[in-house]
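User: I would like to go through this model and ask, for each label, what it rests on. Please set the values against the definitions as we go.

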Amino acid sequence: MGKRVAICALEQVKNEPDIWYQRFQGMLLDCLEPILEKTGVTFDMDKGIRNVITCSDDVFDARTISDSGITDVVGAHFRGEEKMAQDSINGLGYAMACILSGHDDVVLYMGHCKESQAESRYMNTNLAYDPFYMRPLGIDFLSANAFQARAYMEKAGVDDDHLAEIVVRSRKNAAKNPYARENEMVSGDQVKNSPYLADPIRELHFYPMTDWAFGMLLCSEERAKEFCDNPVWVTGYGSCMDSYFPGDRDIISNFALKNAASRAYSMAGVKNPQKEIDLFELTDQSAYQLPMWAEGVGIVDEFAGGKWIEEGGPDKSQVNLSGGMLNGNPVMLGGAARVAEAWYQLRGEAGDRQLKKPKKALAHGVTGAMGQHHGVVILEK
Amino acid sequence: MKEGFEDSYIVEGKMALPYSYFAGRVGSTFLTTLRDKKKIMGVKCNTCNKVFVPPRQTCERCMEDIRDNWVELKNTGTVTNFTVVRYEDKHMPKKVPYVLAMIHLDGADTPMTHIIEGVKPEKVKIGMRVEAVFADEDTNTIMNIDHFKPVTEKIEVRERADAGGTGAKTYTGEQPETKKGGKPAMSKKVIITAALSGAATMKNQIDSVPYEPKEFAEEAARCYKAGASMVHIHAREENGMPTHDVARIKATHDAIKEKTPELIVNLSSAVGMGKTPEQRITQILEIKPEMASLNTNTMNFSIVDRKTGKIFIDFIFENTFTMLQDFGKGMEENGIKPEVEVYDMGGLDNWKIVAKQGIFSKPYNFNFVWGVAGGMAFRPDLFMVLKNALPEDANYTTCGVGLDEFPAINMSCLSGGHMRVGLEDNIKLPNGELAKGSFELVEWATRICEILGKEIATPDEAREIMGIKK
């Protein structure tokens with residue numbers, strides 16, 4: 001096994017549909033202050049935080065160089081600061097690289113997004129596409145995901161009943177997570193009767209609009225004990241980008257996720273993920289992605305997703321006990337929210353949803369529609 | 001209002017940023033070709049041999065510069081995936097619901113994303129053929145194709161040679177003596193019948209099966225053009241169910257005759273499952289077609305899975321001696337020539353018994369039917385046994401269900417008989433592809449004539465052969 005990086009502190013605000021009463025700067029401050037207090041870390045340029053990595057999105061913040069709106073409140077002035085504009089999980093991978101390279105030994109890792117600020121999330125994700133070939137068609141992350149949903153569901157025997165089961169389970173799990181967005185409990189029939197947004201994706205199949213912020217303190221193995229007694233270790237990270245145009249990709253192949261996972265497994269020395277990893281947190285923007293990504297990380301046979309749901313696979317493999325992205329996290333922050341769940345579980349602080357002594361966890365983030373880019377981290381106690 | 005926030009302020013903002021995007025040299029060529037020539041261009045990587053659309057300068061897999069390797073694609077393609085966008089938003093170019101699809105253009109290797117219109121969202125299917133509809137005004141983007149619409153396939157019929165078409169060029173010289181001989185006399189000209197609908201072939205199997213009178217008329221005209229001189233009809237209701245309704249059958253019959261007066265229309269006296277004898281014969285006697293089917297024996301007539309032997313629909317097709325007698329008499333008295341349907345030797349013998357009454361006028365016309373679940377499967381030797389059991393002054397044609405169709409009609413044509421094809425019996429071409437319609441099966445039947453040196457009968461020649469007095 002290679003070197004590892006410690007997560008010594010993690011703080012977050014509660015996921016909410018519309019935190020209109022607070023600026024995202026304030027949300028970040030609510031995360032930073034307890035980190036400083038609990039760990040005693042400072043911004044001292046010799047012994048403290050010399051580098052801050054932030055995660056945010058320009059279009060969702062309606063401000064280019066979106067980090068410039070928050071660097072002051074996260075202590076990023078007068079020191080190193082870099083922004084991750086992909087899914088936040090890659091910010092963790094980047095922080096890990098900073099530390100393992102020896103460039104820094106203590107890194108503050110923060111992220112925010114208020115989806116509620118935008119008039120339409122879909123209008124925003126439409127801007128992720130080029131102005132010539134895709135954007136004029138009105139495509140966005142939701143309608144693009146619908147292509148993948150149709151193709152994958154057909155191939156993997158996943159039907160409307162399975163999706164309903166996934167949504168119901170997500171909400172039940174999230175109800176035990178004090179940081180999760182508070183959603184109405186729904187029945188399978190309610191899911192199946194919710195209107196189609198983009199067939200075969202129904203309204204309740206897609207994650208709801210959410211605001212959230214988080215912060216974590218990372219450091220080298222050598223310095224971990226200065227900040228906490230029981231750190232969670234990041235032992236592996238991998239990412240992979242697939243082709244841009246939907247037509248250039250094999251959209252049911254899970255190519256990028258398989259690649260990202262195998263790189264993370266190899267770094268963390270994981271040979272058999274199903275056996276060695278105790279919990280999996282997958283960024284499921286839409287219900288069909290839960291079984292699909294589970295196939296991608298290698299805990300379900302290829303195209304056996306429907307059967308896996310029927311056989312209670314998500315509970316057996318302990319997938320998305322947090323409720324998942326499907327219950328509500330903002331765009332680009334799904335990965336960090338998955339890391340947060342793994343962090344509580346591995347430290348034994350997951351309350352009602354606590355697993356019995358988990359040792360190893362996988363957290364996953366996805367950027368773009370239909371899984372164009374995936375990031376995977378392996379976390380250990 | 002949350003407590004303590006009474007005097008707080010929310011500022012409404014907007015990002016509205018005009019931009020000028022350079023389309024790139026590759027993109028510019030693509031977009032201007034769309035605009036000026038209404039052509040969709042792809043670029044080919046010569047290393048992996050893939051043709052990409054939208055175009056790009058470099059193959060991302062081979063890292064090869066492909067900017068100059070333009071390939072002209074067709075404006076048609078196949079839908080490989082789609083969604084119906086049902087949520088309204090400002091970035092949508094169309095009113096919702098609209099269909100976003102991945103379309104594999106003919107000549108490309110990667111499907112492109114675009115919009116489908118001109119079809120109800122619930123009718124869009126993977127595999128559907130679509131064609132580009134170009135925008136009237138330049139948009140500088142992919143929207144120079146305004147949308148794709150379902151292909152209105154141009155139906156081209158291989159036209160019968162005697163009508164000056166490019167179809168079967170058949171031997172018109174003297175027939176050798178050996179080919180003339182036999183009992184009954186071999187017909188020199190071959191009558192091709194197109195059975196357009198039957199009672200069980202539905203649009204969910206093949207879209208070109210007609211339900212509406214207009215559809216029957218159009219398909220019958222195509223069949224005539226291809227070489228058929230007679231069409232056999234089971235009229236359908238709007239929902240596709242076979243009907244005994246006189247008005248509907250008459251409308252269907254008349255629509256065919258109006259569009260193609262030359263054609264012989266042969267109406268079914270079987271109609272469909274569960275019809276009473278009265279419902280079956282009344283329509284014939286009222287409409288008085290030139291010919292009608294006359295069935296010869298009560299038999300199983302079921303729908304089964306031929307691979308597993310599983311029975312889906314079990315049905316007894318009732319044709320008692322009395323019905324054979326009464327239907328036959330009614331037809332002959334009204335100048336309707338019966339086409340005697342023979343499902344096995346027993347049926348032929350039944351007809352022979354009733355024929356003793358002197359009901360039937362010469363020449364007699366028989367149809368050997370193969371492959372019905374409840375009847376006999378096609379066998380060449382059995383075919384000859386039936387043929388040899390026919391009375392003097394008899395013509396025979398044949399039809400076969402599914403895979404029996406082409407072997408049976410080959411045998412008939414070869415042995416001096418006539419041929420029936422059509423979607424009632426079979427929906428696939430000999431190569432296994434779905435036929436474009438009954439007319440395409442007629443085209444294949446004309447090829448048999450071509451090979452065997454047989455001439456194709458015109459409707460008037462067919463009338464003369466079968467003894468139909470116009």
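User: Why is A:S68 called partly exposed?

Analyst: A residue counts as buried if 20 or more other C-beta atoms, placed from the backbone, lie within 10 Å of its own, as exposed if 12 or fewer do, and as partly exposed in between. A:S68 has 15 other C-beta atoms within 10 Å, and is therefore partly exposed. A:S68 is found in the loop between α2 (58-61) and β3 (80-84) of chain A, and its C-alpha is 10 Å from that of A:E82, a residue 14 places away in sequence. This is a predicted model, in which local features need pLDDT of at least 70 and side-chain atom pairs count only at pLDDT 80 or more, while totals for chains, interfaces and linings use all residues. Residues are numbered from 1 along each chain as its sequence is written, and chains are lettered from A in the order in which they are written.

User: What makes the set of 163 residues a nonpolar core?

Analyst: The term means a set of buried Ala, Val, Leu, Ile, Met, Phe, Trp, Tyr and Cys residues joined through C-beta atoms within 7 Å. The largest such core has 163 residues, and A:L218, A:V377 and A:L379 have the most contacts inside it. Helix α5 (residues 141-156) of chain A gives the largest share, 9 residues. Apart from this core lies another, of 78 residues, including B:V265 and B:Y396.

User: Which residues are in contact with A:V377, leaving aside its neighbours within four places in sequence?

Analyst: Contact requires C-beta atoms, placed from the backbone, within 7 Å; among the partners of A:V377 on that basis are A:I89, A:V234, A:A264 and A:V339.

Technical notes. Helices (H or I, at least four residues) and strands (E, at least two) are DSSP runs, numbered from the N terminus. Two residues are in contact if their C-beta atoms, placed from the backbone, lie within 7 Å.
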